Amino acid sequence: MVAFLNPYMVKSIMNLLSIDKLSLIESDKELVSNVSFGINSEDKIALVGVNGCGKSTLLRVISGIKKEFEGSISRNNQLKISYLQQEIDFNPNDSILEHILNSEGSIMNCIKDYYKALDNMSLGIDDSENFERLSHEMEKLHAWELEHQVKSILSELGLKDHNIKMGELSGGMLKKTSLAHALVQDYNLLLLDEPTNHLDIETITWLQNYLQKSNKALVLVTHDRYFLDTITNRIFEIDEQKIFAYSGNYSYFIEKKQERKESEEKSQNRLVNILRREKEWLLRGPKARTSKDRGRINRAYDMMDSIKSQEITSSAFSVTNRRLGKKILELRNISKSYSGKTVLNPFSYTFKNGERIGIVGDNGSGKTTLLNIITERIIPDTGSIDKGINTHIGYFDQMGKELPGEQTVMGFLKDIVNVITTVDGKSLTPAQYLELFLFPKSLFYTKISDISGGERKRLYLISILLSNPNFLILDEPTNDFDIQTLTLLEEFLMDYEGCLITVSHDRYFLDKTVDFLFILETNGNIKGFPGNYSDYKDFSDQQLREEKLNKTKGVKEVKREEKKGLTFKEQKEFEGLESEIEILEIEIEDLEKTFLDVSDPDILANNTKLYNSKKIELGNKYNRWEELGSKI
């Protein structure tokens, strides 16, 4: 067996896991049938496919959580998995730091036991012998470095206060905490199920860069196509219970999938012609049919079953639009605060026909609040909303709505509309519209309570579009949709003639669907930007470069060549660090001794706090000492 090498050395490619002849059934639905594949140490794999095709289930099989399947899985004895699931399991009374340290593994167990011994001693319980043993174990396992890494990642994710209880966190903060929990584990295979859901664009970009630099194997499910294109080197597409593997990123996958579909289409056309002749032969009459070869009859019926339903082209994916009046919607000096905190400063805007506006901003910046004011779900503190009499708003709420679980998918849609008229005058039945939205026939008469969460969100979206809105508002439509659904939605929006407002953290989706941005800042201000998200990012980056350049203006001397070695100031700092590190080590050693002698719980608690702060300070000084030492 090939061993793992030092990450700074050349790493040998190693097979981590092999799956052979895997078949999966979930809720009486076959997801994959007789598929085989392997995962190597250099792989960064994306699982793609429609909602309900089995992506998350396959991740649970790989992780070892789901054990009900047919086939075999061979795992390398060095395989260590870290798994971020969509549903976050946590104790609401744990702090952020306690939640992250609540993991299996020798290092994490040592840190937990160490803090438990500290707590015991602060309560007056004599646990000094155990504490001394754990202190040595922490040094041996380099656990102090892991603690520093944990706090560094939390800081990068904007989680500054590590003592906040998990039950007090917002959805976005919970996702960041669970992401940090997954990234700090001791693993060589990382499984991520929709890691970008509920994250702001800045955090998604940070995670993208982090994974791009990582040398660990990765299998992820995500609808973020820029994310996929940058990180992955293999794509596994689940389609019709099979897995099609592509060696390349998302752009390569799209190219090769198109070639595969064109080949399948040619095959289908040949099959249709053969089937037409066979059906003519079968329909010649009972007398002639009795003499026909039974095998040939069976083959004809097999071909009928193999014919796929005709795909509806994207040009049919538009409903007729209500005409907008002269007045559409006007916001006049609206503002909103919660508990004394300003979310939106006074803001005015007059919407015009055909506008396509994206709303971006950090989590908690007020994006959903703005949408709820526009739709009059909440009342602004100041200002007013003036809506035109012909303005009909369709609002896709990210929280969704409770669909009637006992009703069938088809029955729910028929209650809204019986015939859908497209912009080119054609009519579609509800069944055709469901197929257009990638619902298989097997789900048409299934109860809504029995379909997946993603499929319910898709049905909810259909119900909004079929209400024929001329002012469409989408709040995080990309969170629970697969790439195929997003592609269909994007094509619909590109042909949509009414007003559009969308909140999304999906950069690709924003680039394709909007041409103007509302930028919500953390101070409550709203700025406008003409362009899509990539335009805005380029503009922002250029501004930062100009700011840095302006800071260098006025410098009289320009250095032509970077000076090698340490500057005089750095040399003095380097020499000072050596003595500072030595003093800190002595102070830490003295504090460790007090844990064995002091029994007063207040003094012990103060010493514990001081001890932890000095350990962090020591780690920081070591890092700086090594950084300066590398320049000598």
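Two strands count as paired when DSSP finds at least two bridges between them; helices (H or I, at least four residues) and strands (E, at least two) are DSSP runs, numbered from the N terminus. This is a predicted model, in which local features need pLDDT of at least 70 and side-chain atom pairs count only at pLDDT 80 or more, while totals for chains, interfaces and linings use all residues. Residues are numbered from 1 along each chain as its sequence is written, and side-chain values use heavy atoms, with hydrogens and water left out.

**View 1. The protein has 20 helices and 20 strands.** Start here to get your bearings. Of the 632 residues in the protein, 45% are buried (under 20% relative accessible area; exposed is over 50% and partly exposed lies in between, with a 1.4 Å probe and protein chains only). Contacts, meaning heavy atoms within 4.5 Å, also reach along the chain: among those between residues at least 6 apart in sequence, 69% join residues at least 24 apart.

**View 2. Six strands make an open sheet with mixed pairing.** Follow the strands across in the order β5-β6-β7-β3-β8-β9. The edge positions belong to β5 and β9 (242–247); each has a single partner strand, so one side of each is left without a neighbour in the sheet. From one strand to the next, the twist averages 15° (axes are lines fitted to C-alpha atoms, for helices over the stretch in contact, and angles run from 0 to 180 degrees between N-to-C directions).

**View 3. Strand β6 is largely enclosed by the rest of the structure.** Zoom in on residues 189–193, which make up β6. Five of the five residues in this strand are buried, so β6 is largely enclosed. Both of its faces are covered: L189, L191 and D193 lie on one side, and L190 and L192 lie on the other.

**View 4. Strand β6 pairs in parallel with β5 and with β7.** Strand β5 (residues 81–84) joins β6 over four bridges, and here S82 stands opposite L190. Strand β7 (residues 217–221) joins β6 through five bridges. Two residue pairs make handy landmarks in this second pairing: L190 has L218 of β7 as its bridge partner, and L191 stands opposite V219.

**View 5. A right-handed β-α-β unit is built from β6, helix α7 and β7.** Trace the chain from β6 through α7 (residues 201–213) and on into β7. Right-handed here means that, with the strands pointing away from the viewer, the path from the first strand over the helix to the second runs clockwise.

**View 6. Helices α6 and α7 pack against each other.** Helix α6 covers residues 171–183, and its axis is 13 Å from that of α7, at an angle of about 10°. The two helices are therefore roughly parallel (under 35 degrees; over 145 is roughly antiparallel, 65 to 115 roughly perpendicular and the rest oblique). From α6, the contact is made by K176, L179 and L183, while α7 brings T203, W206, L207 and Y210.

View 7. Eight bridges join β1 (residues 15–26) to β2, and in β2 the bridge partner of L22 is V35.

**View 8. The loop between β17 and α16 holds T478 and E476.** This loop runs between β17 (471–475) and α16 (483–495). T478 counts as buried, because its relative accessibility is 2%. Leaving aside neighbours within four places in sequence, T478 is in contact with N197, H223, L486, S504, D506 and F509. D506 is 28 residues from T478 in sequence, and the two are 6.8 Å apart in space, C-alpha to C-alpha. E476 also counts as buried, at 6% relative accessibility. Most residues other than glycine have a negative phi. E476 is not a glycine, yet it has a positive phi of about 50°.
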